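Hi,

Here is the structure I said I would pass on.

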Amino acid sequence: CFSPRHDLTLPQMALSDIRLVVVTWCEQVSQLRKEYAWVQVFENKGEMMGCSNPHPHGQIWASTQLPNEPAKEDRQQLHYFNEHHRPLLSEYLALELASPQRLVLQNQDWAVLVPYWAVWPFETLLLPIRQVSHLPELEENERSSLADILKRLLSKYDNLFQVSFPYSMGWHGAPSFMNPASHWQLHAHFY
């Protein structure tokens with residue numbers, strides 16, 4: 001649960017409380033990466049997005065195998081890195097920031113954009129400005145600014161139709177067996 005008050009969604013919480021959620025994600029990923037190849041932090045919000053519990057909450061799934069989508073992302077990021085010596089998603093973010101038609105939000109450490117390959121209505125991609133491979137690498141200021149941009153983004157979703165907006169969100173970070181993971185860029189998908 002995100003809060004002792006089980007009726008509060010992330011955008012309804014105080015920034016300091018959202019930051020505690022971010023810290024928990026970082027701690028859990030750090031701990032689980034020691035044993036599992038893939039650690040997936042995610043949230044399904046709303047019944048139509050597969051949430052079976054009515055109270056706001058996130059989940060963490062850990063596996064010894066790399067799932068299909070992250071495996072595809074890994075192959076593409078590694079291929080690009082081997083050719084260009086820069087992380088693919090970092091380069092993509094730089095292009096989007098230079099011509100910000102698809103930029104939804106930005107703060108000092110994070111950017112939210114509609115990826116040009118979006119297939120879901122209201123799909124966004126959340127990326128750190130600096131190259132970060134996985135959640136535990138976030139510095140203290142980045143954890144705080146992540147809480148800020150999450151609150152702002154999720155409030156915008158809720159305000160689109162004046163409802164608690166349903167979505168699926170998932171963090172994709174470097175698999176545990178990659179150290180270093182110079183080709184990976186941490187990111188979160190919002191569908």
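How many cavities of 30 Å³ or more are there by the rule used here? The count comes to 1 cavity. On a 1 Å grid over the protein atoms alone, a cavity is a set of points where a 1.4 Å probe fits but cannot get out, while a pocket is an open set with protein on both sides within 12 Å along at least five of seven lines. Lining residues have an atom within 4 Å of a point. Points are joined across faces, edges and corners, and a volume is the space filled by probe spheres set on them.

Before you go on: this is a predicted model, where local features need pLDDT of at least 70 and side-chain atom pairs count only at pLDDT 80 or more, though totals for chains, interfaces and linings use all residues. Residues are numbered from 1 along each chain as its sequence is written, and side-chain values use heavy atoms, with hydrogens and water left out.

Back to the largest cavity, which has a volume of about 110 Å³. It has 15 lining residues, and the closest to its centre are Val 29, Val 39, His 134, Gly 173 and Ala 174. β1 gives the most to this lining, with 3 residues. (Helices are DSSP runs of H or I with at least four residues, strands are runs of E with at least two, and both are numbered from the N terminus.) The lining divides into 10 nonpolar, 4 polar and 1 charged. Here Ala, Val, Leu, Ile, Met, Phe, Trp, Tyr, Cys and Pro count as nonpolar, Asp, Glu, Lys and Arg as charged, and the others, Gly among them, as polar.

Now the largest pocket: its volume is about 440 Å³. Of its 19 lining residues, Glu 73, Leu 88, Leu 89, Trp 117 and His 189 are the closest to the centre. α2 (68–84) supplies the largest share of the lining, 7 residues.

Next, helix α4 (residues 140–160). Its 21 residues reach 31 Å from first C-alpha to last, close to the expected 30 Å (1.5 Å times one less than the number of residues). Among its buried residues are Leu 146, Ile 149 and Leu 153 (buried is under 20% relative accessible area, exposed over 50%, partly exposed in between, with a 1.4 Å probe and protein chains only).

Just after α4, Gln 162 has a positive phi of about 55 degrees, although it is not a glycine. Gln 162 is exposed, at 62%. Phe 122 also isn't a glycine, and has a positive phi of about 65 degrees; at 38%, Phe 122 counts as partly exposed.

Cheers
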